Amino acid sequence: MESIDTLIQDRHLEMMKAAIPYLNTSRQKNMAMLVKFMELQRTMALFQNSGNDLRMCSEEEREDPVQMLNAIREYCTDREKEMIDNIISFVQMFSTYETLFTIT
């Protein structure tokens with residue numbers, strides 16, 4: 001799965017970010033602002049064409065909230081992971097319940 005960062009980042013931006021701690025305070029601010037501005041420009045360019053929406057997963061995965069929750073879970077604290085696991089269990093339980101009672 002590809003994140004939006006991998007679509008807008010390149011090694012030049014990463015090099016600029018790596019240099020920031022070595023600059024004096026006023027230059028750090030300017031360089032950080034420049035990097036963020038360049039990221040914003042690239043993000044806007046990514047979505048400028050109507051066919052360029054993020055297609056990181058199949059259409060079936062897009063409709064699956066469990067897939068989305070699992071993708072988000074990777075960035076969570078242990079407490080947040082526990083909450084997401086509970087939500088996933090609830091969604092799966094509801095889906096099973098729905099399947100059982102829609103079969104006639």
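Which residue does a polar contact of 2.5 Å join to the side chain of Q9? I shall come to the answer after a few words on the model.

This is a predicted model, in which local features need pLDDT of at least 70 and side-chain atom pairs count only at pLDDT 80 or more, while totals for chains, interfaces and linings use all residues. Residues are numbered from 1 along each chain as its sequence is written, and side-chain values use heavy atoms, with hydrogens and water left out.

The protein has 6 helices and 0 strands, taken as DSSP runs numbered from the N terminus (helices H or I, at least four residues; strands E, at least two). Of its 104 residues, 12% are buried, where buried means under 20% relative accessible area with a 1.4 Å probe and protein chains only. Contact here means heavy atoms within 4.5 Å. Among contacts between residues at least 6 apart in sequence, 43% join residues at least 24 apart.

Now to Q9. The partner is E39, whose side chain makes the 2.5 Å polar contact with that of Q9. A polar contact is a pair of N or O atoms within 3.5 Å; within protein, one must be able to donate a hydrogen and the other to accept it, and residues adjacent in sequence count only if both atoms are side-chain atoms. Q9 lies in the loop between α1 (4–8) and α2 (11–19), and is buried at a relative accessible area of 16%. Beyond its neighbours within four places in sequence, Q9 touches E14, K17, E39 and R42.

Next, the helix pairs. Two packed helices are described by the angle between their axes and the distance between the axes. Axes are lines fitted to C-alpha atoms, for helices over the stretch in contact, and angles run from 0 to 180 degrees between N-to-C directions.

For α2 and α3 (residues 25–48), the axes come within 9 Å and cross at roughly 160°. α2 is therefore roughly antiparallel to α3, a term for angles over 145 degrees. On the α2 side, the contact is made by L13, M16 and K17, and on the α3 side by M31, L34, V35, M38, E39 and R42.

The second pair is α5 (residues 65–73) and α6 (residues 78–102), which pack at about 170° with axes 10 Å apart. These two are therefore roughly antiparallel as well. The contact involves P65, V66, L69, N70, I72 and R73 of α5, and K81, I84, D85, I87, I88, V91 and Q92 of α6.

Conventions: Parallel < 35°, antiparallel > 145°, perpendicular 65-115°, else oblique. Buried < 20%, exposed > 50% of the residue type's maximum accessible area, 1.4 Å probe, protein only.
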